[in-house]
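This report looks at how side chains pack in one protein chain. Please keep the sequence and the model at hand while reading.

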Amino acid sequence: IAASLDVLRDPARHAMHAPWVATARDRLAGLDLALLEAVVPPQGYRPDFIHPPPERPRAGFASELARVRATPPEQVARDLEWAYEGAEAPAAARVLLDDPSRGMAQLTELMTAYWKRVIEPHWPAIRATLEADIAYRASRLAAGGPLAAFADLHEEVSWRGGALVVDREYESTVELAGRGLLLVPA
């Protein structure tokens with residue numbers, strides 16, 4: 001959902017999705033996206049609660065939505081504070097801070113409506129693409145190790161000095177300590 005909002009916000013940067021944009025705008029007509037827009041800022045930090053990393057491969061929409069709904073209010077408040085760097089969160093997001101239970105219910109209802117209107121109709125094709133990427137990465141990893149598996153990822157991602165490096169404006173080192181690494185096609 002978050003990535004698709006980026007496409008709708010700036011379709012020129014995502015020209016290959018132009019046919020989807022044309023139909024999505026029509027299908028979203030009449031749906032108030034203010035709350036969703038508020039929790040998915042167009043730039044900077046994206047609140048983690050809106051798109052938690054999957055706990056297992058091939059998770060379904062309903063189970064992932066339940067995870068969003070179960071986010072503790074303290075995390076929602078912290079994530080929104082980080083997203084807006086100490087500034088006031090948009091008015092549409094106030095319900096998440098003032099009445100977390102009602103706010104989460106509204107947000108997940110909106111996410112469900114958005115999903116059903118513009119993503120679910122395309123989900124079989126999207127899922128097939130994601131499955132193909134998983135198979136491709138696994139075969140590259142088996143054939144040539146991490147260097148081969150990560151060689152053609154996004155330009156901001158590379159394998160250097162035995163580590164996966166993601167070039168971003170913020171910096172963090174994560175020691176996996178045997179936990180493994182979950183790659184999520186996007």
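The model is predicted, so local features need pLDDT of at least 70 and side-chain atom pairs count only at pLDDT 80 or more, while totals for chains, interfaces and linings use all residues. Residues are numbered from 1 along each chain as its sequence is written, and side-chain values use heavy atoms, with hydrogens and water left out.

Tyr114 is in contact (heavy atoms within 4.5 Å) with residues including Ile1, Trp20, Leu36 and Ile119, not counting residues up to four places away in sequence.

Four aromatic pairs are counted, where rings of Phe, Tyr and Trp (its six-membered ring) pair if their centres lie within 6.5 Å, and planes under 30 degrees apart count as stacked, over 60 as edge-to-face and the rest as tilted. Two of them are tabulated here.

| Pair | Centre to centre | Angle between planes | Class |
|---|---|---|---|
| Phe61 and Trp115 | 4.3 Å | 10 degrees | stacked |
| Trp115 and Trp123 | 5.2 Å | 55 degrees | tilted |

Trp115 counts as buried at 11% relative accessibility, whereas Phe61, at 23%, is partly exposed; buried means under 20% relative accessible area, exposed over 50%, and partly exposed in between (1.4 Å probe, protein chains only).

Leu183 is likewise partly exposed, with a relative accessible area of 40%.
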